[in-house]
Protein chains: 2
Amino acid sequence: MTTIYGELKPSPRILLGPGPSDVNPRVLKAMTTPMLGYMDAEFIQIMDETADMLRAVFGTKNALTLPVSGTGMSGMESALCNVIEPDDEIIVCIKGYFGGRIADIAERLGGKPTIVEAEWGTIIPPEKVEDALKKVKAKVVAIVHAETSTGILQPLDEISEIVHKHDALFLVDCVTSLGGQPVDLDRRCIDIAYSGTQKCLGGPPGLAPISFSGKAVETIKNRKTKIPSFYFDMTLLERYWSGEKRAYHHTVSMTMVYALREALRVVLEEGLDARYERHQCNAEMLKSGLTAMGLELIAQDGYRAPMLTTVAIPDGISDVNIRKSLMNEHGIEIGGGLGDFAGKAWRIGLMGESSTQKNVLLLLSALEKLLSKEGYKVEPGAGVSAAVR
Amino acid sequence: MTTIYGELKPSPRILLGPGPSDVNPRVLKAMTTPMLGYMDAEFIQIMDETADMLRAVFGTKNALTLPVSGTGMSGMESALCNVIEPDDEIIVCIKGYFGGRIADIAERLGGKPTIVEAEWGTIIPPEKVEDALKKVKAKVVAIVHAETSTGILQPLDEISEIVHKHDALFLVDCVTSLGGQPVDLDRRCIDIAYSGTQKCLGGPPGLAPISFSGKAVETIKNRKTKIPSFYFDMTLLERYWSGEKRAYHHTVSMTMVYALREALRVVLEEGLDARYERHQCNAEMLKSGLTAMGLELIAQDGYRAPMLTTVAIPDGISDVNIRKSLMNEHGIEIGGGLGDFAGKAWRIGLMGESSTQKNVLLLLSALEKLLSKEGYKVEPGAGVSAAVR
């Protein structure tokens, strides 16, 4: 007998984990818009407008800028599978979980990754990239901008210069940074960048904005082998998204494009600078509060990502108990540690709509209550009063 | 200066093309549900319920049944990239556009496709598959169930027997058939099947339901090479969707899962048999009406897919004029021809929510009016009266 499940009615949540973040109600509303055909002139216009606003947020004039029909990880895969051919050398900077994924995908594609490592919670020093480039004639250098596993915001300018001096393509994972920190593709000469919609852009997960510079497009056109993926083949996607005569490739999700378009409108109406400032201010508040409670921030000082803060779990405190109680008693989600940081760190996201003063204060007071209950010594109100000071 | 585009307000449409079809309002409403974390126990339950209802519609007990985070084409790519390794032999049945795509993807993966062809608008004769299997020791035989480019519904039972006699995996593209015609994976011994949400399931595009038999799972586990795609790696997706302890793979789109869950509830509440019957009845009505207007149906009689009807464009009638006027004067979208049928055929979809008696009558009367204006001789009311008879 077939089971037909009941009405969808999940509990309300405040999403302060590594993403998804809370979605702006205007975006939720936009998703109730009925479908259009994938070749409908009105839909093509919506696609054009969406790509145009994406360029503004990416800080680029790149023609090949579009949302891939998948979640953030599909952006990573698209970025790599279009440029990496079997036996291509690629330098992958690993300072957390997601750098490791880049290396994994590059290997699956037959590429030869050279790993440049830094300890989790620190940045990749530019000279290490230079050393690697002196040893290996790399086609691509890949790095993660905001590492969601460690809370590090990687400086990019100096590395970009080094990469271009060695004539490689500069590939940057902007999944967590886009919309919360300037990514500035053109100013920084980033050749390939991808992101997700569910972090600082304030949309639901489901699309992966991506952008390729002219040099990256040339590299794709000069491939010796066929792109191994049809679904992520940028030469075909380009014809659908920006060709003179649009050519069908796949039926994109109108709903997800509607959502992204509305999310981008919200972002641009707030203003990029104001948005970055908001992310920064709320992160400072959170960090002051956590520090005042005697908690230790893990990411290297001076390089902390404003949208994701990693906190060391104090000795004797149960990771799972605290997170469960935050969820069950306060409806607040924060993230557990990933990879090397599993069981050792909490990941607190203040991304997009979730980055509000209200959420910071709620979290600090809930955390104080729960930590005290577990026997952690904290002066009553210390976190909140430091935060509002 | 950055352009911020205006409010999203597309014109209303009646979608009678090759998909997307109209979305049930309950599904649109479900998409306004706020996000949950990808590891939230409530979300895991929603995933389980969705997979369970998917199994009911697929007609399978396959454990590995889930929606891939991409549109229908990502289902095709996932199906192939998990089982095809370099130099693997695959027999691809091509009787339209989408069969051709399967061969394209198989080649990109390093597979060696042997093509079994039939003229566009006809079915693949089972004996041709048998002949091919006698010549080639194929790992997989792939075929499209409902060919959206030609309107053919391919019989599967006899071919399935042949495929299994030769110990190959039977891979069936159910993008357009699922929810509108029985696909019956277990009864028909189909090893790998994939679909889309935007056709007969009545959801928006954005997910690709997929299912693998135990034998297909074994084949994946016995691969000699790594799966070339991380995003579509079923061994990792399985751990997230159905593992004892769920392991993060990527942030799925909660919104799309909410939509699919609601669409499946609507499908199962209507009842599968009643739904197939509705698709069949409305297709008969449409076909009677079109024939009474003197129009020629292209797909081979006896094998016409109820969800997609191909009609020959009469001599002297402008394909583009008719479709433009249908859209601009009546808000109705029908599809143009694809591939071999470009400029020669119209594709009329009656899928999911779009498959209603009202839509058939609206289309027939609009078509009569526009064809007459273009000089085509048609007895007034001929289509509609034949349809309601």
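Through which surface do the copies meet, the same or a different one? In this predicted model, 100% of the interface residues of chain B are also interface residues in chain A, so the copies meet through the same surface.

**Figure 1. Confidence of the predicted model.** The coordinates shown in every panel are a prediction. The model has an ipTM of 0.98 and a pTM of 0.98. For chain A, pLDDT averages 97, and 100% of the residues reach 70 or more. Where pLDDT is low, predicted coordinates should not be read in detail.

**Figure 2. Relation between chain A and chain B.** Two copies of a chain are related by a rotation about an axis and a shift along it. Here chain B is superposed on chain A by a rotation of 180° with 0.0 Å of shift along the axis, at an RMSD of 0.0 Å. The two copies are thus related as by a two-fold rotation axis. B:Gly70 has the C-alpha nearest the axis in chain B, at 2.5 Å from it.

**Figure 3. Contact between chain B and chain A.** Chain B contributes 68 residues to the contact and chain A contributes 68 residues. On the side of chain B that touches chain A, the elements giving two or more residues are helix H1 (25–30), helix H2 (41–58), helix H3 (72–83), helix H4 (97–108) and helix H9 (254–270) of chain B. H9(B) gives the most to this side, with 9 residues. By class, the side of chain B that touches chain A has 30 nonpolar, 21 polar and 17 charged residues.

**Figure 4. Domains of chain A.** Chain A is divided into domain 1, residues 25–269, and domain 2, residues 271–388. Taken over C-alpha atoms, the centres of the two domains of chain A are separated by 29 Å. Their contact takes 23 residues from domain 1 of chain A and 23 residues from domain 2 of chain A. The side of domain 1 of chain A that touches domain 2 of chain A divides into 11 nonpolar, 11 polar and 1 charged residues.

Figure 5. E1(B) runs parallel to strand E12 (residues 332–336) of chain B and is joined to it by 3 bridges. Within this part of the sheet, B:Ile14 stands opposite B:Ile332 in E12(B).

**Figure 6. Backbone geometry in loops.** Most residues other than glycine have a negative phi, and most peptide bonds are trans. In chain A, the bond joining A:Gly19 and A:Pro20 is a cis peptide bond, with omega about 5°. A:Pro20 is in the loop between strand E1 (14–16) and helix H1 (25–30) of chain A. In chain B, the peptide bond from B:Gly19 to B:Pro20 is cis, with omega near 5°, and B:Pro20 is in the loop between E1 and H1 of chain B. A:Cys189, a residue other than glycine, has a positive phi near 55°. The loop between strand E8 (169–173) and strand E9 (192–194) of chain A holds A:Cys189.

How values were computed:
Residues are numbered from 1 along each chain as its sequence is written. Chains are lettered from A and ligands numbered from 1 in the order in which they are written. This is a predicted model: local features need pLDDT of at least 70, side-chain atom pairs count only at pLDDT 80 or more; totals for chains, interfaces and linings use all residues. Copies are superposed by least squares on the C-alpha atoms of residues with pLDDT of at least 70 in both. Two residues are in contact if their C-beta atoms, placed from the backbone, lie within 7 Å. Domain bounds come from an automatic or database domain assignment. Ala, Val, Leu, Ile, Met, Phe, Trp, Tyr, Cys and Pro count as nonpolar, Asp, Glu, Lys and Arg as charged, and the others, Gly among them, as polar. pLDDT is the predictor's confidence in each residue, from 0 to 100. Helices (H or I, at least four residues) and strands (E, at least two) are DSSP runs, numbered from the N terminus. Two strands pair if DSSP finds at least two bridges between them.
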